[in-house]
Amino acid sequence: MECRGDWKGAVIDTSIEIVCGRWKILSRLGAGGCGSVYKVEDLKRKGYIAALKVCDSTFCFENPPRSSQIQAEAIIEDDSGVLKLEAAVLKKLADRKNVIRLLQSGKRTKYSFIVITICGSDLMSLKKKTPDGFGESTILRIGIYALYAIKQLHEIGFVHRDVKPGNMMNGASGRDKRIIFLIDYGMVRNFVVRDSKGISMRKPRKNVLLRGTLRYCSLSVHRRLEQ
């Protein structure tokens, strides 16, 4: 669903209590280089809490394209492109298990947004809350869920390019608290090309800009090679 209107400023004025007649802003969860994330309540589903992510942009869309030939690299420097790409990837993952859901996307004059499943805490925060460290069974469960999340992304033809503890979060409540979700798909790149000739791998580039977080990215990234 798409919604249009005007927001003033890079950060939503929390005095604007309801977005698109549906999402009631409760609090600000955090902010990054791209924009801010807010905790919101769905007025159409009593008690349902979600996360609203807002970025600078000039457009958003209701139905993200299903084609895998999304040029992540071309738009990665544009915040609107980051959010558009994230929405498109979530659309492709919609029928898979243990994936955050895209609930709504929209645009304003200067900002675009997506509403997604709200999560609990990231792995780094969870580790800090556990002075004695994770138990063996917990470590194994984290590894299985993390690899499964990456596998699902690869199956639709994308690499994440920013896998790190901060982008791995457990669910907010119930059974989901024991599940690890991969988040933040704004830096993905598709490695599969689908055309009239069929399916093939994209040719690796000779010169690659660094993408990801220095502490966690692969040696290939440090060498400015394809991941």
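Arg161 is buried, with a relative accessible area of 7%. This arginine sits in the loop that runs between strand E9 (158-159) and E10. Its backbone deserves a look too: phi of Arg161 is near 75 degrees, a positive value in a residue that is not glycine. Most residues other than glycine have a negative phi. Please keep in mind as you look around that this is a predicted model.

Let us step back to the whole chain. The protein chain has 227 residues, and 40% of them count as buried. Five helices and 14 strands make up its list of secondary structure elements. Among contacts between residues at least 6 apart in sequence, 59% join residues at least 24 apart.

Setting aside neighbours within four places in sequence, Tyr185 is in contact with Leu85, Glu86, Val89, Leu90, Leu93, Ile100, Leu153 and His160.

Next comes a sheet. Three strands form an open sheet in the order E8-E10-E11, with antiparallel pairing. Strand E8 (119-122) and E11 are the edge strands, each pairing on one side only. On average, neighbouring strands of this sheet are turned by 45 degrees against each other, direction ignored. E8 and E10 run antiparallel and are joined by two bridges; Asp122 has Met169 in E10 as its bridge partner. H4 packs on the sheet, where this helix touches E10 and E11, and its direction makes about 30 degrees with that of E11.

Strand E13 (residues 192-195) and strand E14 (residues 198-201) pair in the antiparallel sense over four bridges. Two residues link E13 to E14 in this hairpin, and Asp195 stands opposite Gly198 in E14.

Is Asn190 buried or exposed? Asn190 counts as buried because its relative accessible area is 2%, and the cut-off for buried is under 20%. What does its side chain meet there? The side chain of Asn190 makes a polar contact of 2.8 Å with the side chain of Arg202. A polar atom of the Asn190 side chain also lies 3.3 Å from the backbone oxygen of Val192.

We finish with another arginine. Arg224 is found in the segment after helix H5 (219-222). Although it is not a glycine, Arg224 has a positive phi of about 60 degrees. Arg161, with its 7% relative accessible area, is buried, whereas Arg224, at 40% relative accessibility, counts as partly exposed.

Definitions and conventions: Residues numbered from 1 in each chain as written. Predicted model: local features only at pLDDT ≥ 70, side-chain atom pairs only at ≥ 80, totals over all residues. Heavy atoms only, no water. Contact = heavy atoms within 4.5 Å. Buried < 20%, exposed > 50% of the residue type's maximum accessible area, 1.4 Å probe, protein only. Polar contact = N/O pair within 3.5 Å; in protein donor to acceptor, adjacent residues only side chain to side chain. Pairing = 2+ DSSP bridges. Axes fitted to C-alpha atoms, helices over the stretch in contact; angles between N-to-C directions.
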